[in-house]
Amino acid sequence: MAEFDVDLFVIGAGSGGTRAARIAAGHGARVMIAEEDRIGGTCVIRGCVPKKLFVYASRFADDFEDAAGFGWTIGKPQFDWPTLRDAVAKEVTRLSGLYRKGLDGAGVEIREERAVVAGPHEIKLQKSGETIRARHILVATGGHPAFEPPIPGGELGISSNEIFHLPSLPKRMLVVGGGYIALEFAGVFARLGVAVTLLHRGDNVLRGFDEDLRSRLRDALGHAGITLRLGCTVNRIELLPDGSRRAHCAHGAPIDADVVLVATGRRPNTAGLGLEAAGVKLGPTGHVLVDAASLSNVPSIAAVGDVTDRVNLTPVAIREGHAFADSTFGSKPWTVDHALVASAVFTTPELGSVGLTEQQALATGRQLRIFEAGFRPMKATISGRDERIYMKLIVDAETDRVLGVHILGHDAGEIVQSVAIAVTMGATKADFDRTIALHPSAAEELVTMRTPRKSTL
């Protein structure tokens with residue numbers, strides 16, 4: 001009898017777990033994966049994919065308005081929520097099927113039930129009661145929305161998990177939170193015709209991003225018709241006789257809404273997984289503590305993705321899973337560099353960022369040159385829309401290396417993905433300057449900035 005039933009048991013069939021399973025199987029490992037929900041994880045089922053489709057839908061509101069300036073005559077557009085909701089659900093089902101097909105094609109055995117760690121090499125399947133012995137265990141269970149801090153009536157709110165399945169489009173929505181999830185959904189529903197109030201305890205939105213982008217995005221959200229209540233918290237939520245909700249705030253008038261979306265953060269899915277009993281050390285938020293190779297303090301147990309609370313982005317989880325599988329089963333050890341990861345926030349206007357913010361760069365003690373450009377996009381000159389694009393470069397004054405690129409405006413994410421290659425390669429401002437501009441485009445401004453806004457030399 002073999003000592004182990006499988007070489008690798010993966011808990012969680014999201015982006016990181018499925019990538020690790022497929023790569024490990026490709027290296028010849030016997031792999032089993034367990035998923036208690038739908039295959040595909042947060043990104044595919046209830047995260048970035050369906051959310052981006054919602055964003056596309058919301059932006060047609062602007063497109064219809066803009067068309068008139070270009071000579072198009074369009075009747076009053078009508079939006080149908082069930083059509084969008086059901087079309088997105090259908091696409092999610094299709095993608096989930098592709099994830100399953102990829103696992104099947106790689107020879108990975110799928111168990112559709114909850115799995116918990118019963119020891120350094122043991123997994124207990126909860127529905128079947130079967131115990132699996134694995135040479136290696138990979139925890140890739142992701143995270144979940146957190147209603148924190150808990151408040152009376154908090155159960156009357158919904159999370160980003162439920163937002164995709166609303167039976168009807170609400171007339172009024174309260175969004176609680178100031179991070180990217182809160183802002184993206186606030187923008188989506190405002191453009192779909194919902195009266196949206198955004199309430200956030202901080203004095204500005206998107207903590208951690210460059211201050212110039214934060215302030216400009218805050219103003220753009222207000223310009224889009226979203227009511228901002230900053231520096232405020234919810235004390236309790238009550239159910240009104242007509243079925244709507246009333247949020248009582250720490251100060252100011254209460255807010256009535258048909259739906260209260262709570263988007264105040266996420267926490268790793270480690271509760272009840274048996275990790276602590278197996279000797280795995282967890283951090284203060286319940287995340288699995290791992291080293292650069294994604295290994296926990298128990299040599300046979302590793303973790304990737306949001307459950308480790310490092311950089312909680314889908315492409316990062318995929319890279320971590322790939323690196324783990326190559327290193328463990330492919331004799332090709334490598335690790336993921338978390339220091340330089342591009343990110344986007346799919347608000348309208350969109351935000352794209354890679355590298356250090358101005359505040360982060362200053363904190364390193366470097367001497368800096370800051371370049372920026374703010375302009376009206378060409379499309380807006382005809383459409384008449386009050387729209388601006390903002391771009392910013394953070395440059396090390398001594399080495400001339402570009403430390404950060406930050407963009408707010410249409411297609412910011414697409415632009416940053418391309419320029420992230422240059423930043424990752426260590427491009428200098430001189431490299432940007434000698435790149436011939438592509439005209440007319442918004443992105444050409446990145447290579448035509450010549451005079452720094454300020455220098456700390």
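Colleague: Let us start with Cys249: is this residue buried or exposed?
Modeller: Cys249 is buried, because its relative accessible area is 10%, and buried stands for a value under 20%. Please keep in mind that this is a predicted model.

Colleague: How many disulfides does the structure hold?
Modeller: The structure holds one disulfide. In general, a disulfide is a covalent bond between the sulfur atoms of two cysteines.

Colleague: Which cysteines does the disulfide join?
Modeller: Cys43 is joined to Cys48, with an S to S distance of 2.1 Å.

Colleague: Is Cys43 buried or exposed?
Modeller: Cys43 is buried, at a relative accessible area of 12%.

Colleague: What about Cys232, and how far away is the nearest cysteine sulfur?
Modeller: Cys232 takes part in no disulfide. The nearest cysteine sulfur belongs to Cys249 and is 4.2 Å away, whereas a disulfide requires sulfur atoms within 2.5 Å.

Colleague: Is Cys232 buried or exposed?
Modeller: Cys232 is buried, with a relative accessible area of 2%. Cys249, for its part, is also in no disulfide, and the cysteine sulfur nearest to it is that of Cys232, 4.2 Å away.

Colleague: Let us change topic to the whole chain: how many helices and strands are there?
Modeller: The chain contains 11 helices and 22 strands. Its radius of gyration is 24 Å, close to the 23 Å that the globule rule gives for 457 residues, so the chain is as compact as a globular protein of that length.

Colleague: What does the C-alpha trace span?
Modeller: Along its principal axes, the C-alpha trace of the chain spans about 75 × 65 × 45 Å.

Colleague: What share of the residues counts as buried?
Modeller: Of the 457 residues of the chain, 49% count as buried. The chain exposes about 21200 Å², and carbon and sulfur atoms supply 53% of that area.

Colleague: And what share of the contacts comes from residues 24 or more positions apart?
Modeller: Such residues account for 61% of the contacts in the chain that have a separation of 6 or more.

Colleague: Now to helix H7: which of its residues are buried?
Modeller: They are Val316, Ala317, Glu320, Gly321, Ala323, Phe324, Ala325, Asp326 and Phe329.

Colleague: What covers those buried residues of H7?
Modeller: The cover includes strand E1 (6-11), helix H1 (15-26), strand E6 (131-139) and strand E16 (301-303).

Colleague: How far apart are the end C-alpha atoms of H7, and why does that agree with what the helix should span?
Modeller: The end C-alpha atoms of H7 (residues 314-329) are 22 Å apart. At 1.5 Å a residue, its 16 residues should span 22 Å, so the distance agrees. The expected span is 1.5 Å times one less than the number of residues. Just after H7, Ser331 takes a positive phi of about 55°.

Colleague: On to charged side chains: how many salt bridges does the structure hold?
Modeller: It holds 36 salt bridges. In general, side chains of opposite charge can pair when their charged atoms come close.

Colleague: Where do Lys429 and Asp433 lie?
Modeller: Both lie in helix H11 (residues 429-433), four residues apart, about one turn of the helix. Lys429 counts as buried at 2% relative accessibility, while Asp433, at 28%, counts as partly exposed.

Colleague: What about Asp258 and Arg172: how do their side chains meet?
Modeller: They meet in a salt bridge, 3.1 Å from N to O. Asp258 lies in the loop between strand E13 (255-257) and strand E14 (259-262), and Arg172 in strand E8 (residues 172-176), so the pair ties together parts that are 86 residues apart in sequence.

Colleague: Finally, which residues are linked in a network of salt bridges?
Modeller: Asp62, Asp63, Glu65, Asp66, Arg191, Lys379 and Arg385 are linked in such a network.

Notes. Residues are numbered from 1 along each chain as its sequence is written. This is a predicted model: local features need pLDDT of at least 70, side-chain atom pairs count only at pLDDT 80 or more; totals for chains, interfaces and linings use all residues. Side-chain values use heavy atoms; hydrogens and water are left out. Helices (H or I, at least four residues) and strands (E, at least two) are DSSP runs, numbered from the N terminus. Buried means under 20% relative accessible area, exposed over 50%, partly exposed in between (1.4 Å probe, protein chains only). Contact means heavy atoms within 4.5 Å. The radius of gyration is taken over C-alpha atoms; the globule rule is 2.2 Å times the number of residues to the power 0.38. Accessible areas come from the Shrake-Rupley method with a 1.4 Å probe; for residues, only the protein chains shown count as cover. A salt bridge is a side-chain nitrogen of Lys or Arg within 4 Å of a carboxyl oxygen of Asp or Glu.
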